[in-house]
Protein chains: 2
Amino acid sequence: MTLKRIGEFGLIERISSGCLFRPERVIRGIGDDAAAVTTTADETLLLSTDMLVEGIHFLRRAVSGEDLGCKALAVNLSDIAAMGGMAREALVSIAVPEDCGAGFIEAMYRGMKSLAARYHVNIIGGDTTGSRSDLVISITVTGSVAKNRILRRDQARVGDVVCLTGYPGESAAGLYLILNPVDGAADFFDHLLRRHHRPRPHLKEGQWLAGSGAVHAAIDISDGLSSDLGHVIRQSGVGVRIDAGCLPVSTFLQTFCDRFECDPIDYILDGGEDYVLLCTVSPDAVSGVSTGFEATFGRPLHQIGEIVAGSRFKLTAEAGDTRIVSPKGWNHFKKELTDGE
Amino acid sequence: MTLKRIGEFGLIERISSGCLFRPERVIRGIGDDAAAVTTTADETLLLSTDMLVEGIHFLRRAVSGEDLGCKALAVNLSDIAAMGGMAREALVSIAVPEDCGAGFIEAMYRGMKSLAARYHVNIIGGDTTGSRSDLVISITVTGSVAKNRILRRDQARVGDVVCLTGYPGESAAGLYLILNPVDGAADFFDHLLRRHHRPRPHLKEGQWLAGSGAVHAAIDISDGLSSDLGHVIRQSGVGVRIDAGCLPVSTFLQTFCDRFECDPIDYILDGGEDYVLLCTVSPDAVSGVSTGFEATFGRPLHQIGEIVAGSRFKLTAEAGDTRIVSPKGWNHFKKELTDGE
């Protein structure tokens with residue numbers, strides 16, 4: 001059986017049973033943004049890891065070392081953000097091919113350290129090794145969160161309002177510009193490229209949402225809204241109805257879509273790598289949470305729909321037409337990056 | 001500047017400064033077997049990570065999935081053992097090339113789970129992704145140890161007796177047999193191959209040594225005695241005199257060396273991947289520690305030499321001749337595995 005056929009989630013299903021040999025410590029195991037284990041009576045240790053592989057997640061010739069390091073750490077910190085946690089430590093392992101110079105690796109670490117400094121994360125270890133062909137970066141981060149504040153994927157409840165902490169789709173538009181270089185540069189290019197290369201983990205937002213006590217479920221948008229919201233409803237045993245007219249389209253994404261004649265909704269649903277947070281908020285509290293969020297961060301918490309009974313992801317268009325959304329997010333075993341060379 | 005030229009440790013030196021942005025939590029950062037951070041007043045969280053890359057650390061066609069999984073976890077648990085810790089959780093990330101079947105990956109997880117079960121380690125997360133060519137496995141483990149029991153590399157003191165918890169050199173002999181297949185099989189082959197494929201992390205031994213209160217420094221033998229003992233003396237600011245006649249040569253290694261006409265001392269000094277522990281023990285306490293170790297584990301704690309003033313690693317032969325040993329252990333940027341195909 002090939003992995004291409006069973007897919008990433010098929011493989012995870014096959015290997016994730018029978019993995020706990022001291023289960024009393026485990027609050028969340030395989031299947032959430034981060035794992036959570038008990039340390040002290042009211043504190044939880046969060047653990048998350050992500051691996052970036054050349055040719056699958058990035059093209060070495062199309063990215064600066066500094067951006068790559070920054071992004072590799074950001075995607076891990078975003079997992080801690082999605083659990084409502086405070087980021088603590090990072091371990092960084094790299095497999096480096098012979099044709100990759102020390103300067104590139106040093107730039108990568110500069111990028112990581114700039115982000116680590118911003119969020120007070122210690123880089124305290126890792127592993128360095130050679131590689132025959134591709135550069136591989138594997139980062140593990142730890143975080144902490146009070147046990148009763150932890151945000152999980154599987155706690156969405158019927159009636160919850162679905163919210164986003166930012167604008168998804170921009171990163172995928174940035175990737176399009178990298179893979180399809182166009183003549184001339186526009187103002188919005190830089191913004192979209194930066195959103196792809198330097199995603200910002202929504203750590204402060206996640207901590208604030210966890211502290212509100214009104215958020216039932218959360219996830220970060222790493223594979224695209226269709227895929228990630230799909231995880232939330234499947235694991236929570238609910239359905240969702242999203243109002244297409246409420247999906248937040250940034251002016252940058254709208255300008256990009258006008259120019260390249262594409263639909264921003266497609267970028268928002270299937271784009272991925274934005275690392276904004278999606279959360280589901282108790283309907284009684286959503287008004288207060290929204291007001292408080294905007295007062296704290298100076299940006300709106302976008303309300304995009306509602307958790308409903310059932311198991312489907314329904315998207316209602318402005319005209320009232322409804323369609324079923326299937327997850328189309330990234331399957332790392334099916335795709336390979338190419339830039340036409 | 002190429003990495004081949006500056007080497008693994010040269011690179012680590014270049015990237016490991018300016019990595020701590022919340023230093024008050026950190027007991028040990030980059031440079032020990034595992035990092036150690038404060039969690040509660042008397043408990044320490046240990047974190048360690050290792051990456052195994054196809055073609056550098058293993059040949060996929062020469063290893064079973066089960067052995068590979070078992071070894072990948074064992075090398076990480078060994079780092080926790082070297083800090084005197086109890087192993088807790090593991091995160092497993094894999095990058096899988098298209099030509100690697102799901103069966104191989106499932107066998108890998110069976111191997112990991114068998115070892116995790118033995119040491120009550122939870123496999124609680126990870127990442128799965130594709131790879132264009134080589135299989136990569138990156139594992140991070142956590143552990144815990146009482147703050148005043150933690151074993152470090154940099155605390156060896158002049159007068160300490162240097163001890164080993166097992167027989168180094170056997171794993172390298174096993175690797176020789178894999179890379180240079182010979183006609184016919186001998187009884188000792190299986191043992192040496194097993195020592196290479198299925199190293200046993202000395203977790204119980206490490207915990208026992210930490211509990212003795214008489215061990216000043218410890219490290220696991222992953223790159224070879226010359227390299228790993230070299231780390232201990234350099235970081236502790238001391239020298240060492242090892243008595244060649246006291247180096248423990250197993251009957252299996254001796255039989256192998258007789259047959260292939262090589263010197264077991266070379267295998268012990270430069271072999272690597274044995275994952276036995278080296279420790280330095282207070283001279284007043286070493287007799288009691290040795291007796292207690294043998295009573296507990298039914299095997300001797302081998303006393304092989306003494307920490308001395310200076311900075312050199314001196315090896316004294318039985319005839320009294322002394323030579324200086326330089327680290328010859330594995331440099332992952334210089335070597336690539338080949339089996340002649």
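# A tour from the chain interface inwards

Start with both chains: 68 residues of chain B are in contact with 68 residues of chain A. Two residues count as in contact if their C-beta atoms, placed from the backbone, lie within 7 Å. This is a predicted model: local features need pLDDT of at least 70, side-chain atom pairs count only at pLDDT 80 or more, and totals for chains, interfaces and linings use all residues. Residues are numbered from 1 along each chain as its sequence is written, while chains are lettered from A and ligands numbered from 1 in the order in which they are written.

**Stop 1: the interface**

Select the side of chain B that touches chain A. The elements giving two or more residues to this side are α1 (3-15), β2 (35-38), β3 (43-53), β4 (86-97), α3 (102-118), β5 (122-131) and β6 (136-146) of chain B. Helices (H or I, at least four residues) and strands (E, at least two) are DSSP runs, numbered from the N terminus. Colour β5(B): it gives the most, with 10 residues. By type, this side of chain B divides into 30 nonpolar, 24 polar and 14 charged residues. Here Ala, Val, Leu, Ile, Met, Phe, Trp, Tyr, Cys and Pro count as nonpolar, Asp, Glu, Lys and Arg as charged, and the others, Gly among them, as polar.

Now superpose the copies. Chain B can be laid on chain A with an RMSD of 0.0 Å by a turn of 180° and a shift of 0.0 Å along the axis. The two copies are thus related as by a two-fold rotation axis.

**Stop 2: helix α3 of chain A**

Select residues 102-118 of chain A. This helix, α3, has 17 residues and reaches 25 Å from its first C-alpha to its last, close to the 24 Å expected at 1.5 Å a residue. The expected span is 1.5 Å times one less than the number of residues. Show the buried residues of α3(A): A:I105, A:M108, A:Y109, A:G111, A:M112, A:K113, A:L115 and A:A116. Buried means 20 or more other C-beta atoms within 10 Å of a residue's own, exposed means 12 or fewer, and partly exposed lies in between, with C-beta atoms placed from the backbone. They pack against α2, β4 and β5 of chain A, together with α1 of chain B. After the helix comes A:H120, whose phi is positive, near 55°.

**Stop 3: between the domains**

Colour chain A by domain: domain 1 (3-149) and domain 2 (161-324). The bounds come from an automatic or database domain assignment. In chain A, 22 residues of domain 1 are in contact with 21 residues of domain 2. On the domain 1 side, α2(A) gives the most, with 11 residues.

**Stop 4: helix α10 of chain A**

Move to residues 286-297. The buried residues of α10(A) are A:V286, A:V289 and A:F293. Seen down the helix axis, they fall within an arc of 60°, so they line one face; the arc is that of the directions from the axis to the C-beta atoms. On the other side, A:S287, A:T291, A:E294 and A:A295 are exposed. The cover over the buried residues includes β7 (161-164), α6 (203-212), β10 (277-281) and β11 (302-308) of chain A.

**Stop 5: A:V276**

Finish in the loop between α9 (264-270) and β10 of chain A, where A:V276 lies. A:V276 is buried, with 25 other C-beta atoms within 10 Å.

Note on methods:
Least-squares fit on C-alpha atoms with pLDDT ≥ 70 in both.
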